[in-house]
Amino acid sequence: MEEKTIQIAGSITVDELANALGLSVTQLIGELFKNGIVATINQRLDFETASIIIDELGLKNVKLEKKNTATKTSDFHRELSDKAVSRPPVVAVMGHVDHGKTTLLDTLLHKKTVDDEAGGITQHISAYQLKHDDRWITFLDTPGHEAFAAIRQHGAMLTDIVVIVVAADDGVKPQTVEAINFAKSANAKIIVAINKIDREGADIPRTMADLSQHGLQPEEWGGDITMVPISAKQGTNLEQLLDMILLTADIEELKADVDIPAEGLVIESHMETGRGSVVNLLVTGGELKTGDFIVAGSAFGKVRTMLDFKGKPKGKATPSTPVTITGFKELPNFGDRFVEVSDEKTARKMALLNAQALANETASANVTSSDLLRMMNVADNSKVFNVIIKGDVLGSVTSVVDSLKMIDTHGEITLNIVSTGVGDINENDVYMAAGGNTVVYGFNVSVPINISKMAARDNVPVRTYRVIYELLDDAKHEMENLLDAEIIEEDKGEMKVLGVFRTEKTSIIAGGEVLKGDVKPAYLARVVRDKTYLGEVEVTSVQKEKIDVKELTAGETGGLALKTENKLQLQIGDRLKFFTREMKKKTL
């Protein structure tokens with residue numbers, strides 16, 4: 001059967017989807033209703049909801065495609081003109097947590113940043129520049145913890161060269177593999193820095209062998225990957241590493257146009273008292289100058305101030321240069337492309353068009369996939385974990401949200417992000433959380449005393465963290481508390497009843513032979529007569545030759561005192577099938 005492709009730009013009405021699928025509107029509305037959604041003919045469905053419904057209908061020959069209208073990095077590729085000039089390489093430093101990425105940058109930049117990072121782990125993307133052989137190199141320091149997969153992916157998309165740092169005494173780890181995959185997906189050139197060669201237990205050949213198992217063949221072994229043994233702490237071979245970065249850049253012939261309107265990417269943004277929106281940009285083309293009007297997604301503004309990575313004023317920024325600017329009317333999103341325009345009127349109009357395109361993709365869809373999944377999950381008696389996320393910068397908020405979504409709840413917990421935002425926890429956050437069993441998480445933000453008192457009064461849990469995996473551990477613990485305890489039963493043995501000596505309202509004294517396994521006090525037993533289940537009893541004591549014992553095992557005969565609650569009466573020949581039952585708290 002021929003495959004049918006349906007393109008969806010943000011959302012599609014029930015009527016449009018029915019026509020595209022060749023179904024009656026009634027049939028489609030009926031399918032939605034079965035999944036808990038009461039929809040009308042003109043109601044809009046988002047892309048994911050349409051996908052779910054098509055799966056539910058079992059339509060294997062239908063393929064959905066998204067019409068992209070966003071201005072994200074992945075959509076942005078410019079053809080260079082013949083006037084393009086050479087530009088510095090943009091280098092991302094990636095690898096497993098604690099393998100020495102930030103220490104490497106510290107040593108290269110003569111700048112101590114490790115002590116400023118919570119838990120010694122980089123929390124944000126930071127952009128730096130240094131000069132080597134009179135040439136600039138731009139570095140992106142991307143976070144190493146698995147929770148920052150979203151930021152690292154953006155980091156790779158901004159990058160020409162990825163330096164993957166691997167500790168010679170620890171080898172390839174899960175985040176090393178993740179970094180390799182990101183670098184490959186971004187078509188970035190890879191250089192491996194085998195770090196900590198000064199450590200006891202450092203094994204360079206073994207590390208190379210590990211890397212070759214993941215598709216990185218060292219040049220020394222006939223491959224195409226440059227591997228430089230270094231000690232970031234002692235500064236060993238760092239000059240050689242920089243040489244290899246510049247050599248790789250020369251081979252790649254990295255260029256950019258400068259006689260075009262400035263453009264680039266948002267790599268961080270946050271609000272600052274007295275300065276307003278503070279945005280870190282990486283210029284990828286043109287020249288950005290103070291006074292330029294720029295648009296990034298639905299945000300626009302005029303470049304009021306521009307600073308280099310050291311915080312010094314800068315008049316203009318050329319391609320591959322990171323700068324911090326002020327002047328945006330609102331915070332642009334992390335990863336958005338920015339472009340220079342001629343005047344404020346054009347900037348305002350373009351931002352409005354981008355906002356409308358974004359609304360088309362999200363807000364205009366009356367029925368979203370999360371609505372549908374939530375309805376389907378409620379039908380499956382799943383629990384809902386409500387959270388509000390506040391962070392110091394948008395990149396942090398994005399990472400926290402994405403990381404929470406990565407917690408595998410086996411379909412038993414529905415994560416509901418009530419709201420997100422940048423800045424300290426405020427009254428509105430507490431109002432939204434009150435009465436809704438909602439936890440407010442703050443990442444690198446504060447809770448003013450009056451807000452803390454308000455939250456305590458309204459029984460709203462407000463928790464702040466500076467290390468993301470501590471926040472995730474707390475969220476995981478909260479979700480585990482929502483899970484019902486798991487009942488675990490384990491078969492223990494079987495007895496044939498050979499005598500019934502006394503039967504009372506709630507107890508029975510009987511004797512028999514253990515056919516298999518064993519029987520102990522506190523065991524439970526199912527009573528079976530001729531394959532018919534009669535009920536359940538509990539063993540309160542075990543005797544052998546009229547003496548209390550701890551157990552009877554297969555082949556032994558003895559007496560049992562049994563507790564029953566349903567006036568059950570045993571007969572000779574009945575079988576007692578012993579088992580244990582415990583309530584175990586579920587974990588994720």
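1. Among contacts (heavy atoms within 4.5 Å) in the protein between residues at least 6 apart in sequence, 71% join residues at least 24 apart. Keep in mind that this is a predicted model, where local features need pLDDT of at least 70, side-chain atom pairs count only at pLDDT 80 or more, and totals for chains, interfaces and linings use all residues. Residues are numbered from 1 along each chain as its sequence is written, and side-chain values use heavy atoms, with hydrogens and water left out.

2. On confidence: pLDDT, the predictor's confidence in each residue on a scale from 0 to 100, averages 83 for the protein, and 86% of the residues score at least 70. Over residues 119–123 the pLDDT is below 50, though this stretch has 20 contacts in the model beyond near neighbours in sequence. Residues 374–381 also stay under 50, with 11 contacts beyond four places in sequence. Where pLDDT is low, the predicted coordinates should not be read in detail.

3. Overall make-up: the protein has 14 helices and 32 strands. These are DSSP runs numbered from the N terminus (helices: H or I, at least four residues; strands: E, at least two). Of the 588 residues, 48% count as buried, meaning under 20% relative accessible area, with exposed being over 50% and partly exposed in between (1.4 Å probe, protein chains only). The accessible surface comes to about 28,800 Å², and 47% of that belongs to carbon and sulfur atoms; areas come from the Shrake-Rupley method with a 1.4 Å probe, and for residues, only the protein chains shown count as cover.

4. Now the charged pairs. A salt bridge here is a side-chain nitrogen of Lys or Arg within 4 Å of a carboxyl oxygen of Asp or Glu, and by this rule the count comes to 23. One of them joins Lys492 and Glu490, at 3.5 Å from N to O. Lys492 is partly exposed at 25% relative accessible area, and Glu490 is partly exposed too, at 46%.

5. Which residue does Glu494 meet in a salt bridge? The partner is Lys516, at 3.9 Å from N to O. Lys516 lies in strand β26 (residues 507–519) and Glu494 in strand β25 (residues 486–503), so the pair ties together parts that are 22 residues apart in sequence. Glu494 is buried, with a relative accessible area of 11%. Leaving aside neighbours within four places in sequence, Glu494 touches Glu513, Val514, Leu515, Lys516, Arg575, Leu576, Lys577 and Phe578.

6. Lys544 and Glu556 also pair up, with their closest N and O atoms 2.7 Å apart. Lys544 is partly exposed, at 31% relative accessibility. Elsewhere, salt bridges that share partners join Glu489, Arg526, Glu536 and Arg581 into one network.

7. Last, helix α6 (residues 174–185). At 1.5 Å a residue, its 12 residues should span 16 Å, and the end C-alpha atoms are 17 Å apart, which agrees; the expected span is 1.5 Å times one less than the number of residues. Its buried residues are Gln175, Thr176, Ala179, Ile180, Phe182 and Ala183. Seen down the axis of α6, they fall within an arc of 165°, so they line one face of the helix; the arc is that of the directions from the helix axis to the C-beta atoms. Just after α6, Asn187 takes a positive phi of about 55°.
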